[in-house]
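Here is a note for a colleague who is meeting this structure for the first time. The points below are meant to be read with the sequence and the model open alongside.

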Amino acid sequence: MNRRLFAAHSALLLIVASITGKAVLADPVDDSLQIDGTEIITRAPAPEGLPFDQVLSGWLFREAETRATEADSFANPGMLAVERGAEIWNTVEGTMGKSCASCHQDAAKTMKDVGAHYPKWDAASGKPLNVELRINKCRVDNMGAEPYKFDDPNQLALTSYIKHQSLGTPVGIDLSQGQMQSWWDRGKELYYTRTGQLNLACASCHEGATGKYIRADHLSQGQVNGFPTYRFNTAGMVSLHNRFRGCIRDTRAEMPAAFSDELMALEVYVTWRGTGLSVETPSVRQ
Amino acid sequence: MATTPKPRVRVPKSAAAGEVIVLKTLISHEMESGQRKDKDGKTIPRKIINKFTCEFNGQPVFSCDLDPAISANPYFEFSAKVTESGTFKLTWVDDDGSVYTDEQKIEVA
Amino acid sequence: MTFTRRRMLVLAAGAAAIPILPLAPIPAFASAEEAAKLMADFAAGKEAVAGKLKLTAPEIAENGNTVPITVDVDSKMEGDDLVQSIVIFADGNPRPEVATFHFTALSGTAAATTRMRLAKTQNVIAMAKMSDGTVYMDKKEVKVTIGGCGG
């Protein structure tokens, strides 16, 4: 038996085991999360239209040591990226001689809660912008600087820093602005569309099999409230669009480009699915 | 992160004389193990932090020799018994000879 | 939510497509004998005894790249009751050495926490040497699972 076949076989056994018996192992934990005294909402009533009663943070699906690392903002290596982001915030770049702070001053005040409400409709661009795209637009339009390339370490750091200013704030995006609703519709369609040689939709794992095991991974609802997230796997920050692309790759499908219309629509829809969960950036995952 | 390794250190600002306090340290570093290969099949050379030391007022408190099996962004938690006010000096030594340091003061009453 | 046979097959196939843990394709793993030799060197002729040294590690590591471990020796850390050093080995990694902690009376306690890499399921071994040469030992098997999602 080759390695792949063997893996498929073990995965099947695992899934069968998780379905037939040990339901206890598959449940999200009954635990609560505080970070530096801030209460983090890890369970919230599901927005109308979802087949869940509650939306659940991925934190509840992780093992004790992973949860503990996120709960301690000092032990959380994602905070290295946040601190790097603070440096970038105050660094002058571009032809106009400005830093983020030149216009936005103290991020602790001006960016407080901002990240919890992205993606946001941008009339000038005629599409929703996430934090990464908003930063790039600011760099080009207001700083005369080059936009960051996807997953530039500075993009990850600055995005993490800005989102971290919303730590604890419930996620909530405004679908009434511009054409947000139609982007949400498109994102929903993508979420339920099976794709790739393995014929999997997002929903196959994160709605239909939440709480079950895929090989040794405990499947969460696939919530995005903690991105960018620090992963033990890569010992670095992982952006949401990197994670989207990774999931899609695992279905053996063609990967849409980061920040493409498809993935932006998916971000709008999946962010809505986590309405009411606190921003956890930088969350810690396996 | 490819930027210069930057230490983070957490030490209490004050303590009672004779108290045992907990120190936490974290430093950004990829801890390249020397076991990995790049896309062309060539071994990526080892580059790790191989030594960490903590001194208080010039006296050794705790140290660690690190091997490549220590995770990226090395994290240490350890203790110190403080009997007087003073300064902790923390030092990380890189394979390439670079030395990263941090100092933290503590008031002991 | 019920699972049809087809759904299960699809999920199982999905798992099979996922890349193997990045640490896995390593040519030669240290033999357990090599770890045993290093342990004997550290003990320097003394018999390592269980009891005073406690090694804490997860039974199942969620990711082998980052596994938290804590060592703690029941010691007054003064006079004759002083821990000099604690060494950590992993008997299934490419090299068994992980770290050596050195303590002094100023340490207050002989306890330390760090995070380590485990290439596969294996034993993590901690040994402590007291100032009088006494050697204590503790050992934990940590299971390293292969995740479903390459990320």
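1. A salt bridge, as the term is used in this note, is a side-chain nitrogen of Lys or Arg within 4 Å of a carboxyl oxygen of Asp or Glu. In general, side chains of opposite charge can pair when their charged atoms come close. By this rule, a search of the whole structure finds 27 salt bridges over all chains, and the count between chain C and chain B is one.

2. On conventions, this is a predicted model, in which local features need pLDDT of at least 70 and side-chain atom pairs count only at pLDDT 80 or more, while totals for chains, interfaces and linings use all residues. Residues are numbered from 1 along each chain as its sequence is written, chains are lettered from A and ligands numbered from 1 in the order in which they are written, and side-chain values use heavy atoms, with hydrogens and water left out.

3. Chain A is divided into domain 1 (27-75 + 169-285) and domain 2 (78-164), with bounds that come from an automatic or database domain assignment. Taken over C-alpha atoms, the centres of the two domains of chain A are separated by 22 Å. Their contact (heavy atoms within 4.5 Å) takes 30 residues from domain 1 of chain A and 26 residues from domain 2 of chain A.

4. How much area is buried between domain 1 of chain A and domain 2 of chain A? The value is about 2,300 Å², of which carbon and sulfur atoms give 68%; buried area here is the accessible area (1.4 Å probe) that two parts lose on being put together, summed over both. Across this domain interface the rule finds one salt bridge, in which the side chains of Asp261(A) and Lys127(A) meet at 3.9 Å, N to O.

5. On the side of domain 1 of chain A that touches domain 2 of chain A, at least two residues each are supplied by α9 (180-192), β10 (236-238), α11 (240-250) and α12 (261-273) of chain A, where helices (H or I, at least four residues) and strands (E, at least two) are DSSP runs, numbered from the N terminus. The most comes from α12(A), with five residues.

6. Turning to the other two chains, the contact takes 28 residues from chain C and 28 residues from chain B. Together chain C and chain B bury about 2,200 Å², 49% of it on carbon and sulfur atoms. Within chain C, the residues that lose the most area to chain B are Leu106(C), Arg115(C) and Arg117(C), together 31% of what that side buries.

7. Which residues form the salt bridge at 3.8 Å? Glu78(C) pairs with Lys81(B), that distance being between the closest N and O atoms. Between chain C and chain B there are also 21 residue pairs in polar contact, both residues at pLDDT 80 or more. Two or more residues of the side of chain C that touches chain B come from each of β5 (97-103) and β6 (110-116) of chain C, and β5(C) gives the largest share, seven residues.

8. Strand β5 (residues 59-66) of chain B is joined to β5(C) by five bridges, and the two run antiparallel; strands are taken to pair if DSSP finds at least two bridges between them. One such bridge partner of Ser63(B) in β5(C) is His102(C). These strands belong to an open sheet of 10 strands with mixed pairing, in the order β2(B)-β8(B)-β7(B)-β4(B)-β5(B)-β5(C)-β4(C)-β7(C)-β8(C)-β2(C). At its edges lie β2 (14-15) of chain B and β2 (60-61) of chain C, each pairing on one side only.

9. Some backbone details of chain A deserve a look. A cis peptide bond joins Tyr118(A) and Pro119(A), with omega about 5°, and Pro119(A) is placed in the loop between α6 (107-110) and β5 (120-122) of chain A. Another cis peptide bond joins Phe227(A) and Pro228(A), with omega about -15°.

Conventions. Polar contact = N/O pair within 3.5 Å; in protein donor to acceptor, adjacent residues only side chain to side chain.
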